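Dear colleague,

I am passing a structure on to you, together with a short account of what was found in it. Please look at the sequence and the model first and then read the notes below.

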Amino acid sequence: MAKLEVMDHPLIQHKLTIIRDKNTGTKVFREVVNEIARLMAYEVSRDMPLQDVEIETPLVKSVQKEIAGKKVAIIPILRAGLGMVDGMLDLIPAAKVGHVGMYRDHETFEPVEYFVKLPSDIKERQLLVVDPMLATGGSAIAAIDSLKKRGATIIKFVCLVAAPEGIKALQEAHPDVDIYTASLDEKLNENGYILPGLGDAGDRLFGTL
Ligand code: URA
């Protein structure tokens with residue numbers, strides 16, 4: 001089974017509290033989501049392989065480290081995943097960005113794919129699939145299905161808030177995918193929202209409440 005990492009760094013917890021607060025408006029919500037994504041990118045990239053490189057400092061020749069191996073693509077699940085892209089790009093600026101459009105049918109809660117546009121070389125890249133909320137897991141599972149169908153092999157899933165139901169479903173469907181979340185919340189309500197959660201992440205990011 002792949003890794004489940006809850007990133008409970010004090011800065012992340014503090015920022016999460018800000019975005020959970022219903023009185024936080026769109027501007028601050030968007031800024032803080034990006035700040036959390038930036039902090040998460042730091043931890044998600046911790047296992048990036050390094051290789052030796054010879055350079056010259058102003059004083060001597062020296063063998064130092066540089067990032068090696070697979071390149072990265074960030075794949076936001078539309079639309080709420082878009083809110084995490086800029087924060088991640090701050091730390092991984094050379095990453096490409098692909099998009100997978102999923103909406104959740106409000107009656108069945110089933111994910112429906114409506115858009116996929118990916119870098120041509122996703123087979124050679126490590127993919128960071130981002131979506132702020134891992135609720136039932138339906139969209140994440142469908143998005144990752146879609147990426148694997150197109151040849152993706154190395155995938156990490158990064159979210160801000162996860163429900164136990166979503167973690168379980170995603171781990172069962174894709175046991176090879178590492179999951180990083182800033183919080184593991186209590187449960188889903190009868191409408192598929194995470195409790196305590198932060199409401200509808202897409203609506204709060206884009207001001208469409
Ligand atoms: N999607 C959201 O935006 N919020 C939830 O609580 C669950 C799914």
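In which strand is Leu 134 found? Leu 134 belongs to strand 9, which covers residues 133-134. Please bear in mind that this is a predicted model.

Is Leu 134 buried or exposed? With a relative accessible area of 1%, Leu 134 is buried, because that value is under 20%. Leaving aside residues up to four places away in sequence, Leu 134 touches Ala 140, Phe 157, Cys 159, Val 161, Ala 162, Ala 163, Gly 166, Ile 167, Leu 170, Ile 179 and Ile 194.

The annotated binding site

Leu 134 is also one of the residues that UniProt, in an unreviewed entry, annotates as "binding site". The annotation covers Arg 79, Arg 104, Asp 131, Pro 132, Met 133, Leu 134, Ala 135, Thr 136, Gly 137, Gly 138, Ser 139 and Asp 200. Of these residues, the lining of the largest pocket includes Arg 79, Arg 104, Asp 131, Met 133, Leu 134, Ala 135, Thr 136, Gly 137, Gly 138, Ser 139 and Asp 200.

The unreviewed UniProt entry also places the feature "domain: Phosphoribosyltransferase" at residues 6-208. That span is 32% helix and 33% strand, and its end C-alpha atoms lie 29 Å apart.

The largest pocket

The volume of the largest pocket is about 600 Å³. The pocket is lined by 26 residues, and those closest to its centre are Ala 80, Arg 104, Asp 131, Ser 139 and Asp 200. At least two lining residues each come from strand 4 (71-78), strand 6 (99-104), strand 9, helix 4 (138-149) and helix 6. By residue class, the lining divides into 14 nonpolar, eight polar and four charged residues.

Asp 200 deserves a separate description. Where does Asp 200 lie? Its place is the loop between strand 13 (194-195) and helix 6 (201-206). Asp 200 is partly exposed, with a relative accessible area of 24%. Apart from residues up to four places away in sequence, Asp 200 touches Arg 79 and Tyr 193. The side chain of Asp 200 also reaches the backbone nitrogen of Gly 202, at 3.0 Å.

The second largest pocket

The second largest pocket holds about 260 Å³ of space. Its lining has 15 residues, of which Met 48, Ile 67, Val 72, Ile 92 and Ala 94 are the closest to the centre. Helix 2 (26-44) and strand 4 are the elements that give two or more residues to this lining. The lining of the second largest pocket consists of 11 nonpolar, two polar and two charged residues.

A buried aspartate

Asp 178 lies in strand 11, residues 178-184. Its relative accessible area is 15%, and Asp 178 is therefore buried, the limit being under 20%. Asp 178 and Ile 155 are 23 residues apart in sequence, and their C-alpha atoms are 7.2 Å apart in space.

With kind regards

Technical notes: Residues numbered from 1 in each chain as written. Predicted model: local features only at pLDDT ≥ 70, side-chain atom pairs only at ≥ 80, totals over all residues. Heavy atoms only, no water. UniProt positions renumbered as here; feature names shortened; annotations may be inferred. 1 Å grid on protein atoms, 1.4 Å probe; cavity = no way out; pocket = protein on both sides within 12 Å on 5 of 7 lines; lining within 4 Å. Helix = DSSP H or I, 4+ residues; strand = E, 2+ residues; numbered from the N terminus. Buried < 20%, exposed > 50% of the residue type's maximum accessible area, 1.4 Å probe, protein only. Contact = heavy atoms within 4.5 Å. Polar contact = N/O pair within 3.5 Å; in protein donor to acceptor, adjacent residues only side chain to side chain. Points joined across faces, edges and corners; volume = space filled by probe spheres on them. Nonpolar A, V, L, I, M, F, W, Y, C, P; charged D, E, K, R; others polar.
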